Amino acid sequence: MKTVIFETYEQMCKFASDIICDVVRAKPDAVLGLATGSTSIGVYKEMCKQFGNGLSFAKTRTVNLDEYVGLRPDHDQSYAYFMRAHLFDKVNLEKNNTFLPCGTAPDLEAECARYNALLDRLPRDVQLLGLGSDGHIAFNEPGSPFDSRTRVVELASGTIKDNSRLFDRLDDVPRFAVSMGIADIMSAAKVVLLANGKHKAQAVKAMLTGKVDPSCPAGVLQLHKDATVILDKEAACLLQ
Ligand code: GLP
């Protein structure tokens, strides 16, 4: 696992975007595994800049990590809405080349099976990740098995609290999500994870230096052959 530390969030995002955009330049129909969360916003901003500079996403496919159960795609806190607002509506991605799990599918088990079949068809050339303050990736909370695939997961109380800053009330935060599994994340050819801020420092330390086991889901990246972890100084402050 490669770790790079930057002074600013903007530098982190530029570095991550360059990795992703280089993949698209080399392979215009690449499959990008995309993430949500505030950390990823700056990466999408940089990708939009690259689009402005002539990079085309016309053939690129995207597959997202997760979606809240119960939020329709037009809900302003749904991950479908987030992706449209920060990337899909701003570049020339074809809408039918962008994929997210549906959190309001009437049969969620069938939805997970559909998504797993989609992932099998669309192996990710690069997977973007953020980091939960409890070490989660996508919505794979501590305890998630390393061989897990897309499934309905229950959010940890700390995650509900963290994410409640974006909702009107704590009670409005969904308790469940449809999330890609750890095995799905690990099957990407390349993984890029970003974490910034002091509140991520403990999870960063566990991810990079802890024992590789499900108590810190992100720690599994120690086993990935092409993973880059991009940090700012605050997120890296507990590392030697
Ligand atoms: C959510 C998402 C994760 C994301 C995490 C961190 O829980 N499911 O994919 O990495 O939030 O979010 P933020 O970047 O806002 O700190």
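A: Here's a walk through the salt bridges, pair by pair. This is a predicted model, where local features need pLDDT of at least 70 and side-chain atom pairs count only at pLDDT 80 or more, while totals for chains, interfaces and linings use all residues. Residues are numbered from 1 along each chain as its sequence is written, and side-chain values use heavy atoms, with hydrogens and water left out.

Searching the whole structure turns up 13 salt bridges (a side-chain nitrogen of Lys or Arg within 4 Å of a carboxyl oxygen of Asp or Glu). One of them joins Glu 7 and Lys 233, at 2.5 Å from N to O. That pair links distant parts of the chain, 226 residues apart: Glu 7 sits in the loop between strand E1 (2-6) and helix H1 (9-26), and Lys 233 in the segment after strand E10 (227-232). Helices (H or I, at least four residues) and strands (E, at least two) are DSSP runs, numbered from the N terminus. Glu 7 is exposed at 55% relative accessibility, and Lys 233 is partly exposed at 48% (buried is under 20% relative accessible area, exposed over 50%, partly exposed in between, with a 1.4 Å probe and protein chains only).

Within helix H1, Asp 18 and Lys 14 lie four residues apart, about one turn, and their side chains meet at 3.0 Å, N to O. Both are partly exposed, Asp 18 at 27% and Lys 14 at 36%.

Then there's Lys 27 with Asp 125, closest N and O atoms 2.8 Å apart. Lys 27 is partly exposed at 35%, but Asp 125 is buried at 17%. Finally, Asp 120, Arg 149 and Asp 184 are linked in a salt-bridge network.
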